[in-house]
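Here are a few exercises to work through with the model open beside you. Try each task before reading its solution.

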Amino acid sequence: MTLEIKNRDLVGVYQFLGNLTLPRKVARSVSSLVTQIQFKINELGESEKELVESFGGTVSEGKINLSDESRADFNKEHNDLLEETVILNNSYKEQFSIMKSYFMDWNGDVQPHLINGMNAFYDAIEELSDEGE
């Protein structure tokens, strides 16, 4: 079983999940997922840096420095990178079924700045099939 999240949603999902107080069993499954997401965020950051450099730019203190001539082409390529879908695997057989079961019934409060991450997470878990559980 796999969970699919677009690169552009990784940080939001990470922040949403990281701000929840969860029961032990669910927290264990979420913790494992959050670890994977952090790894993918780091990979994305490296890919973004490489992309900037491939267009002759630099990244300094999180700021992208590109020539005006290459910015439009960079923006197109960067958008393509953000639209790529990351595949996250379960760390143990029951992990995703525990999360899906819990979150399908969950009705907790969500801080406004975490709503996009919540929506992306729910889109991903709703796509999980019950096969292989």
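**Exercise 1. Is E61 buried or exposed?**

Solution. The model is a predicted one, in which local features need pLDDT of at least 70 and side-chain atom pairs count only at pLDDT 80 or more, while totals for chains, interfaces and linings use all residues. Residues are numbered from 1 along each chain as its sequence is written, and side-chain values use heavy atoms, with hydrogens and water left out.

Step one: with a relative accessibility of 84%, E61 counts as exposed. The cut-offs are under 20% relative accessible area for buried, over 50% for exposed and partly exposed in between, with a 1.4 Å probe and protein chains only.

Step two: E61 sits in the loop between β2 (58-60) and β3 (63-65). Its phi is positive, about 55°, although E61 is not a glycine. Most residues other than glycine have a negative phi.

Step three: from E61 to Y102 the C-alpha to C-alpha distance is 39 Å, across 41 residues of sequence.

**Exercise 2. Describe the chain as a whole.**

Solution. Start with the elements: the chain has 5 helices and 4 strands, in the order β-α-α-β-β-α-β-α-α from the N terminus. These are DSSP runs numbered from the N terminus, helices being H or I with at least four residues and strands E with at least two.

Next, the extent: the C-alpha trace spans about 50 × 30 × 20 Å along its principal axes. Of the 133 residues, 36% count as buried.

Finally, the contacts, meaning heavy atoms within 4.5 Å: among those between residues at least 6 apart in sequence, 73% join residues at least 24 apart.

**Exercise 3. How do α2 and α3 pack?**

Solution. First take the geometry: α2 and α3 (residues 68-83) meet at an angle of about 160°, with axes 10 Å apart. That makes α2 roughly antiparallel to α3. Axes are lines fitted to C-alpha atoms, for helices over the stretch in contact, and angles run from 0 to 180 degrees between N-to-C directions; under 35 degrees counts as roughly parallel, over 145 as roughly antiparallel, 65 to 115 as roughly perpendicular and the rest as oblique.

Then list the partners: L44, S47, E48, L51 and V52 of α2 meet F74, E77, H78, L81 and L82 of α3. The residues of this contact divide into 6 nonpolar, 2 polar and 2 charged.

**Exercise 4. How do α4 and α5 pack?**

Solution. Helix α4 (residues 95-105) and helix α5 (residues 115-126) have an angle of about 125° between them and axes 10 Å apart. The two helices are therefore oblique to each other.

On the α4 side, M99, K100, F103 and M104 meet F121, Y122, I125 and E126 of α5. This contact divides into 6 nonpolar, no polar and 2 charged residues.

**Exercise 5. Which residues touch the most other members of the largest nonpolar core?**

Solution. A nonpolar core is a set of buried Ala, Val, Leu, Ile, Met, Phe, Trp, Tyr and Cys residues joined through side-chain atoms within 4.5 Å. In the largest one, with 30 residues, the answer is L3, L17, L33, I37, F103 and F121. At least two core residues come from each of β1 (2-6), α1 (10-18), α2 (24-54), β4 (85-89), α4 and α5.

Now zoom in on F121: leaving out residues up to four places away in sequence, F121 touches V13, F16, L17, L33, M99 and F103.

Last, turn to α4, whose buried residues are Q95, F96, S97, I98, M99, K100 and F103. They pack against β1, α1, α2, β4 and α5.

Conventions: Ala, Val, Leu, Ile, Met, Phe, Trp, Tyr, Cys and Pro count as nonpolar, Asp, Glu, Lys and Arg as charged, and the others, Gly among them, as polar.
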